[in-house]
Amino acid sequence: MTENTVTLHIDGTPYQMPEGMNLVDAARIYAGIEIPIFCYHPKMEPVGMCRMCLVDIGFEARDRATGEPVLNPDGTPQVRWGRKLETGCTTRVTAGMHIRTKTQAVTKARKDILEFLLSSHPLDCPICDKGGECPLQDLTMRHGPGTSRMAFDEKKRLGKHLPLGDLIVLDCERCIQCARCIRFQAEVVGDDVLAFHERARSLQIISISDPPFDTYFGGNTADVCPVGALTTVDFRFGARPWEMENIPSISPHGPVGENIALGVRLDRDSGGVKRVKRVLPRQNEEVNEIWISDKTRFGHHFTLSPDRLQTPLLRKRGELVEASWSDAIKAAAKAVKEAGNRVGIIAGPMMTNEDLYMLRGLAGHVGSRKLGVWPPNLGDPDPVAEVGIAAGSRLTALGKGDAVLVIASDLEEEAPIWFLQAKQAADRGAHLVVANMRTTKLDRYAGHVIAYDFNEGVDVLNGLTAAAISHRWTNRSALERVNGYDELTAALKGTRQPYKEAAEAMAKARNLVVFVGDDGLDPEGHTALLRAAANFLIITGHAGQLNNGLVPVWPGANTQGAFDLGFSSENTRAMLKNPPEVLILAGAPAAADPAYAALLDRVETVISLTMFHNAAAGADAPTTAVVLPIQSFAERDGTFTSAMRRVQRFYTAHGPAGQSLPAWEAVGLIGERLGMPRPPRSSALVMQALTEEVRLYSEMTYPALARVAEQFPPIGASPDFYGGATRSAAGGTGIAWPSRAEGRGKLTVKAVRAPEGVKPGPGELVISPVRRLYDRTPEFYTATLMHGRIPEPFAAVNTADASRLGIANGDSVVVHVAGAAVHVTAVVDSYAPEGVVLLPLYLSSEPMPLVPLAGTVEKITEPVPAD
C-alpha cells in the first residue's frame, strides 16, 4: 500500500483514503461503510470466494486524446460502470474509483448469496457455540431473505461432530466453505494440515496431516471461522458468549506476552464459582497481533486445578500439616529474622513484577542481596538493556529490505508467536537467517541457514561482524557513538568469514532484528552470544532505531521483569554453590537439575511460595518449614514484562483457589512481622511504589498501562468488522521501556570469544538440554486435553551416533549425566548434530541438567519407568 491519498466515492460521497488499500478495509475504516464479507480477512490474502462483498465499481472517464476527465452537463465526472458486480475484497483503492453498495443489483446479490449459503445450513442457532457472535446470523438479519424457498427434504446432510484432531471439532453442515481455516494454516502458519475434499454441495474440510491437525496454532482457526463450523474441544457446549465476561489478561506461558481475554462465568460444575471457560486472543499489533498459541489457549486449567495448594502448610513434628495464615507467617518471619542477611530468594518465571518488588524489599530489609531467578543457566542480560529492540517496534512492519536473524533458538518450540512473525516477515520479503546447531522448522523459510557445530554460535556472530567490518558494511554515523570499535576490529582480525552473503544482507538491511536463544549454551556461552549479537547490531547501525534490535528468547513470562528488578541467574548459581541459611522459593521451578535437589537438602530452612505442593516446591525436602499457597495470574491483578521489555497489565478473572493470596501480599505479611510497613492494600499501590523506586518503570502505573494504542486494522474493535472471535485491545496494550541505544549516550562493543565448552571424554557425548512447547510442568500438565500432544520423555540422537552405539529409533535408553540417570526413548534422526544428544526439559520427572554436560547413552531392555 502506498502513502498517497486519493479520493474514493462511495455511494456518491467522496472520502480520502490511502491508495492501494483493500477496498473492504478502506470503506470500513475511512468511511464507516460496511461491505459484508465471509471469506475475507485482513491477515490473509483475499480470494473472493464467498461473493458476499459484491459491489458496483466504476471509474471516472477520461478523454483518450487529451487525458482530461469527461464531465457530465452538471460538471461532475462521468463514471463508466462495470458491466457486472465485482468482489470488493480483491479490489485495491485507486484514484478516480467510484463504488456503489446500495443498488438493486448489489442488494439482490447479497440476498441471493445468503439464501444459497442457508440452503443446507442447519437451523441450530440455539445450540451453536457461535450463537450470539455469529456473522452469518448478523448478516442474514441485515441483508438476507426473510424466508427460504428451499425444500427441507432437499437439505444436504453431512457430518455433525467430526474431530479434525484432538482439539478441534468440525460441523460440516455449518461450514460455508470460506476457506479461512485452510488459508490461515497454509499462509500464516505454514502448516499445510487442512484441505478441501469432494466438490459442490459435498465439499468439506479434512485434515491431511498425521497426526491429524498437527499444529501449534489450531485454536486460531475457530477464532477466524465466521460460523460455528469449527469449535474447540475445550469450550464447545461450555457456555454462551453473552453469559461470559471477557477479562483482559496476559499469557503466563513464554516470553512473548501474548494478549488474551479470559472468558469467565459462574460455573455449576465448579460449585457455583467463576472459572475460565475459554481463552481468546486480544488484539495487540505490537505483540501477538490477533494470534495465540494452543499452549496459551488451552493451558489455563491450572488456575482452579484440584491439585492446587489450598492452605498454608507448617512443619510440625517432622511433618507438613495444614496451618493458619497467622501461624505460617509467624514461623516464616521468625526464620527470616534469625537468618538476617543469610536469606536467599529464588523467583520463578511466573512471579509478577509486584511479587518481585516485594521480595526485593524483604531481602533489602534484612540486608541480603541474594536475589536469584530461575532457571540458573541464563547469561548476563545487559546487552538487552543496551540494544534491545526499540520500544514501539512491530515485527509486522518487517518486509522487503529488512532482515531477521534467529540464532541458538527453535522459535516454534520456545516462542511460537515469534515463529509466526519471523516466518511472515520472510513471506513479505525480509531476509531471514537461521543459525543453529540443530535443524528447526524455520529453516524452510530462511534465505540463509547457518548450521554450526556445538558451541560455535559466538564464532558465527564474530564472523558476521568481522565480515561487516572488513567489507565496510558498517554504519559510519553510528560508529561515532561507539566505544571499543578499534579494539573489536583488532580482536576480530583474521577471523574466518564463511557467511559473507548473509552478513551483507543483514548489514545492509533497512531494519534488523536478532533473536538470541540459549541452545547448547552454558551461562558464559549465553552471555558471550548476547554480547556478540549486540556487537553486530551496533557496528551495522541497527541499534536504537525503530524495528531494530536484540530480542532474547528467555524462558518464562516474566524473566525480563526479574532482571529489571535486580534478580539474576548469576545469584542463583552462587546459591547453588554456597547455599543460604534460609531459602525463599517464590514460584518454585517445575523441574531442575540435580544441583537443585541438593540445594534444598543443604539449606537449613526452606520457605516455599507455590501454587502446587510438589517435589520442586520442596514437598520432599525435610528442610521445608513453611509452604504458602499463592494465586495464579487469573486470580489477581498484576504485570508481566515481555522479552521485548513491554510491561503489560492483567486483571482479576475469578476468585482465589482456597486460601491462596497474591505472592506480593504473602511476602508483605512476612515483612510486616519484621517491622516493615504494612503491605499495600492492592497490587496497584505496589506498582505505584515500584514506579517511584525503579527508574525503568517510572511510567508504568496501572492507569498508564491500561491505555490502549490504536490498532490497525481494527480487527477486534467490533464483531461486525471481520467476523472473528478476537477481542479488542481493551484493558491496555502496555508500555516498553527504552534501551540505552535509544538515547544519545555512547554504546560499547566488546570482543568476546566462545568459552571452551564441554569436552566429552572417550565414549561420551554432549548432553544438551532443549525446550519443547508442550511439557509436563504443573502449570500445563493440568490441561488433561493436551496430554495426547505432550511427547513421552525422549532423547534425540544423531543417526551416526546411534549406529555406533547400537541404538535404534524407539529403543529405551538411559542417559547418564551429572550423576543423574534419565530414562527416555531414543529418537534417531538428523535433528540432533553428531556428537550431541538433545534432551528435552520437563518431559520427565527425573532430574536432569539445565546446561550442556558430557554424558553417556546406554540402551536398556527393561521398559522406561512411568512418570
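This is a predicted model: local features need pLDDT of at least 70, side-chain atom pairs count only at pLDDT 80 or more; totals for chains, interfaces and linings use all residues.
Reader: How many helices and strands does the chain have?
Author: You'll find 25 helices and 37 strands in the protein chain.

Reader: What makes the chain as compact as a globular protein of its length?
Author: Its radius of gyration is 29 Å, and the globule rule gives 29 Å for 867 residues, so the chain is as compact as a globular protein of that length.

Reader: How many aromatic pairs are there, and why is the pair of Phe 633 and Phe 650 called edge-to-face?
Author: The count comes to ten. Phe 633 is in the loop between strand 27 and strand 28, while Phe 650 is in strand 29, 17 residues apart.

Reader: How do you know whether Phe 633 and Phe 650 are buried or exposed?
Author: Buried means under 20% relative accessible area. Phe 633 has 7%, so it's buried. Phe 650 has 0%, so that one is buried as well.

Reader: What is the pair of Phe 640 and Phe 650 like?
Author: That pair is tilted, with 4.9 Å centre to centre and 45° between the planes. Phe 640 lies in strand 28 and Phe 650 in strand 29, so the pair ties together parts that are ten residues apart in sequence. Ring pairs link Phe 302, Phe 633, Phe 640 and Phe 650 into a cluster.

Notes
Residues are numbered from 1 along each chain as its sequence is written. Side-chain values use heavy atoms; hydrogens and water are left out. Helices (H or I, at least four residues) and strands (E, at least two) are DSSP runs, numbered from the N terminus. The radius of gyration is taken over C-alpha atoms; the globule rule is 2.2 Å times the number of residues to the power 0.38. Rings of Phe, Tyr and Trp (its six-membered ring) pair if their centres lie within 6.5 Å; planes under 30 degrees apart count as stacked, over 60 as edge-to-face and the rest as tilted. Buried means under 20% relative accessible area, exposed over 50%, partly exposed in between (1.4 Å probe, protein chains only).
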